[in-house]
Every structure is written in structure tokens, then in C-alpha cells.
Amino acid sequence: MNLHEFPNEILIHIFKYLTTQSKVNIALTCKKLKNVIYVKVLWQNVIAKLNLQHKSIKIKAGNKKFKSDQDEAWPDYLFKSLNERGINQVAIVSVNQSRLKVDMDLLSKYMPSLNVLIFKNMNLQSNSQFIQSIQQHSFNMVSLDLSFNSFVNAAVIQSIVSSMHHLKYLYLIGNMAVNDDCLVLLLSLKQLQILNLCATKISDYGLAIISGYVLHSEKFIYDKSAPLLSKLQTLNIDLCFKVTCNSWPFLQSLPSLKTLITSSDNLVSSSAIESLVHMKTLRCLYIRGCMGNEVLQVLSEGDNKLQMLHLIDCKVNDIGVQYFSTGFRNLSFLSLNSYKITDSCVATICQHLPQLVLLDLAACCGITNCSLKYIGKCLEHLMFLCIDSCPKLTSNGLQYIPLNFQISCDMVNMLMTPHQKYISDSNSTGKIWLTKFSHSCDFFKILDGVLHKNNI
């Protein structure tokens, strides 16, 4: 029985398990299978990656052939095809600057349901065409990623604010022209839920403004009538060199903030840490480069409701982990990346946090196989364990890990031995994924799923 003789319902069920590229290949085989594969349910959550250079492009689909970059018909056909499949997420990986506005016009014309646009790392000489396109079209954008684009400045932000009123997720990572003036403009995005400002030029002043504070006589005063990002749930201000821990108290005024990703120096004050405890909605906290012991002490003394805590490059030691004995009853995900972590620290963590679902001890170079023994014995609810860059661990320690654990490891001395039935998968970074399930897994994709399931 040939494949095209199967009922459409059966084919659709089979095609659900194909990769995006395989679906594209199926569409090129015959008209019957193309009509089946173009059912919108098969293209849900697919992000179309588009190269819009218009050079040396050859497309063949049915009787349509486009062999020249001078042929203006091929972009129309491309966008029509995406819309036909119900694809509403697009990542533009390359553009022809002279045709940018034309392509954006076509995007608006043929993909009216487009709600996710990724436009990263584009070295545009001018932002004028991008601004014109944004201003002239009413994109129903929900998510916009403009990370690592030198052309993104206050003018671009203004065009976004003026035309994308439903925007919920905005990523501006690494854009050094994004400053406090841009933050003031973002106050008009009333639906904004996720804002990633990592490695930008914002400062404490801008964070105060989006939190409902006004500057009065050189002091910030909270003003109930002032605008603020009331629906903001996730804020990333990591690696913003103008931001200090003095901005943390301002963020208490954000009524929906659940996740804060930030950096700190070694001079963080107790009052600044206490402000984190006073954020009653805060569930996930990521801090880079602070004195970890002091952070844990203050958090333990307050009534924090943290479910996920990530301290990276923080000097946590045997004294610091003792604070897990109180004040962390809701913690399910813990990440401690410190060279001062020892087997004794791990034993203390296992004793006080038996409810952990995820434990990340990457770069804790002081731990040995004894730590794996403690983990396997005490953490009954643990599902994920990350032990990257832990040179003292060996494959012998894996015997202590229960069968339902999933482990991330990148050390040569932890590679599977012939008698261990692990499945490994090497990716471009050289990382090795070990799991005792029947297939290899992506540690962080699964983590994202668990976080979403638990509304974290």
C-alpha cells in the first residue's frame, strides 16, 4: 500500500512525528501529500527561519520555479505558503537592507496573523526602513526579539510602542543603545509580561520609573498615580553595568513580578536583599556574582516564597548552606555554581531540602562521588541533576543515582562505560547528556516544561 493511499487522518497522525524539514520534504513529493502536510495542526509552534538576502535563491514547488533574485514573485509565494500552513512565528536570519521595507510589507500583507517575530543580530546600517515598516503596518505582535541589533534605539522603541499595543514579550539583549529613555517609552506597553534587558545601558533610574517612582528633590518617591509595568512577570537585568542592587527596592512595586534575573557586586547590602523577600509575588530568583552566604541568610530570615533559586559565581560555602534549614519550604529548583561547595555542603542541602525537583551543581569542582551518594539516598523527588564541570566526579558515582534521574554532564571521566546502559547525545557545544530513559533528552527544555506546568 502506497503512502498516498492512506486516509488523511492516518497521514496527519503519522506526520505529527516528523521534523519541520521532513514536513517540507514531504510537501515537495506530490500534490496529495502537500495538501495533507499543509494542515495547520501540523505546523503549530513552528518558527519559520527566513533568509531574505534574495541572492542565488532557487525554489521549486510544483510548477512554480524561481531561479533569479530579480524575480519578485518568489517572496510572495514564500509568505503565502507560510500563511497557508498557519505559521505565525518567523525568525529572519538574514536580510537585504535595500529590500527590507518591501519584505516587511509582504510580511504584513500575507501573514496578518503573525504574532512572533525574531529579528536578531542584523547589522543594519540604518534603522529608518525598519521604523517605517513598523509604523505603517498594524502587526498583531505578541512576541518580538530584537536582540544584538546595534540599530535598536529610542526611535525604534517608539515605533514599537506606537504600533504593537498587544506586545507581551520583548527581548532587547545586548543592545547598547537601549537606555533609560527607552524604558520610559515602554511604560505604554500595558500588556508587557516578559522584558529581557540583559547587557543594555539601563540604570537604576529607569528601573525606578517603570516601577511607579518619580524623582522629587533628588529622591525617588513612589507615586500611586504614576504609570508602571503592572503586568510584568519576568525581568532580566543581568549584566547591566549601570544597574546596582539599589534598584531592587524599587521592584517591590511591580505587582506581578515572578521572575527576577539580575547581577550584583560583592557589596550588596542587607536592606537590598530584604527587598527581595518583600516581593510577595517573586517565585524565581537568579543572582550573578554576589556574596551568596549573605543572600541565603537574609532570605532564610524572611518569609520568602521562592520556588527556584539560582546563585551563579557566588561564594556559597558550608556556612551558607546551613541557612537552608529555615525559610525555603517552597524551594523546588536550586542552582549553586560555586567552587567552595563541598560534599559536606551537598549533604546539608539534601538534609534540609528533600523536596528538590532540580539540583544544579555545575562548576562545583570540590564535590566527589560522596555527593552523588547523598543525592541518590536523600532526594526522593529529584528529577534533574546537573553536574557539568565537576572534575572529581567519576562514572563510579553514577551507581548511586536512581533510575528516574536525568543527568547533565560534560566531563570525560563521566562518560559511559560498557556496563552502563546510558544513552548519550553530543551537541555542538560538546556537552554530553546522560539519561536512564529510553531516549536522550534536552535538560533545559524539560526544565522549561516543568516550570510551565507548575506555573513558575
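Helices (H or I, at least four residues) and strands (E, at least two) are DSSP runs, numbered from the N terminus, and by that reading the protein has 15 helices and 19 strands. This is a predicted model, in which local features need pLDDT of at least 70 and side-chain atom pairs count only at pLDDT 80 or more, while totals for chains, interfaces and linings use all residues. Residues are numbered from 1 along each chain as its sequence is written, and side-chain values use heavy atoms, with hydrogens and water left out.

**Overall burial and contacts**

- Of the 456 residues, 50% count as buried, where buried means under 20% relative accessible area, exposed over 50% and partly exposed in between (1.4 Å probe, protein chains only).
- Taking contacts (heavy atoms within 4.5 Å) between residues at least 6 apart in sequence, 68% join residues at least 24 apart.

- In helix H1, which spans residues 8-15, the buried residues are Leu11, Ile12 and Phe15. They cover an arc of only 100° around the axis, which puts them on the same side of H1; the arc is that of the directions from the helix axis to the C-beta atoms.
- Helix H2 (20-27) and helix H3 (31-37) are among what covers the buried residues of H1.
- In H2 the buried residues are Lys23, Ile26 and Ala27. Here too the arc around the axis is only 100°, so these residues lie on the same side of H2.
- The cover over the buried residues of H2 includes H1 and H3.
- As background, an α-helix has 3.6 residues a turn, so residues three or four places apart point the same way.

**Cysteines**

- A search of the whole structure finds 0 disulfides, a disulfide being a pair of cysteine sulfur atoms within 2.5 Å.
- For cysteine 345, the closest cysteine sulfur is that of cysteine 364, and because the two sulfurs are 8.5 Å apart they are too far for a bond. Cysteine 345 counts as buried, with 0% relative accessibility.
- Cysteine 182 is also buried, at 1% relative accessibility.
- Cysteine 390, in the loop between S17 and S18, is buried at 0% relative accessibility. Its C-alpha atom is separated by 9.5 Å from that of tyrosine 339, and the two residues are 51 residues apart along the chain.

- Serine 389, which lies in the loop between strand S17 (384-386) and strand S18 (406-409), has a phi near 55°, a positive value in a residue other than glycine. Serine 389 is partly exposed, with a relative accessible area of 33%.
- Alanine 199 has a phi near 60°, again a positive value in a residue other than glycine, and is found in the loop between strand S8 (194-196) and helix H9 (204-210). With a relative accessible area of 22%, alanine 199 is partly exposed.

- On a 1 Å grid over the protein atoms alone, a cavity is a set of points where a 1.4 Å probe fits but cannot get out, and its lining residues have an atom within 4 Å of a point. By this rule there is 1 cavity of 30 Å³ or more.
- The largest cavity has a volume of about 50 Å³, a volume being the space filled by probe spheres set on the points, with grid points joined across faces, edges and corners.
- Its lining includes Leu276, Met279, Lys280, Asp303 and Asn304.
- The lining residues divide into 6 nonpolar, 1 polar and 3 charged, where Ala, Val, Leu, Ile, Met, Phe, Trp, Tyr, Cys and Pro count as nonpolar, Asp, Glu, Lys and Arg as charged, and the others, Gly among them, as polar.

Terms used. 1 Å grid on protein atoms, 1.4 Å probe; cavity = no way out; pocket = protein on both sides within 12 Å on 5 of 7 lines; lining within 4 Å.
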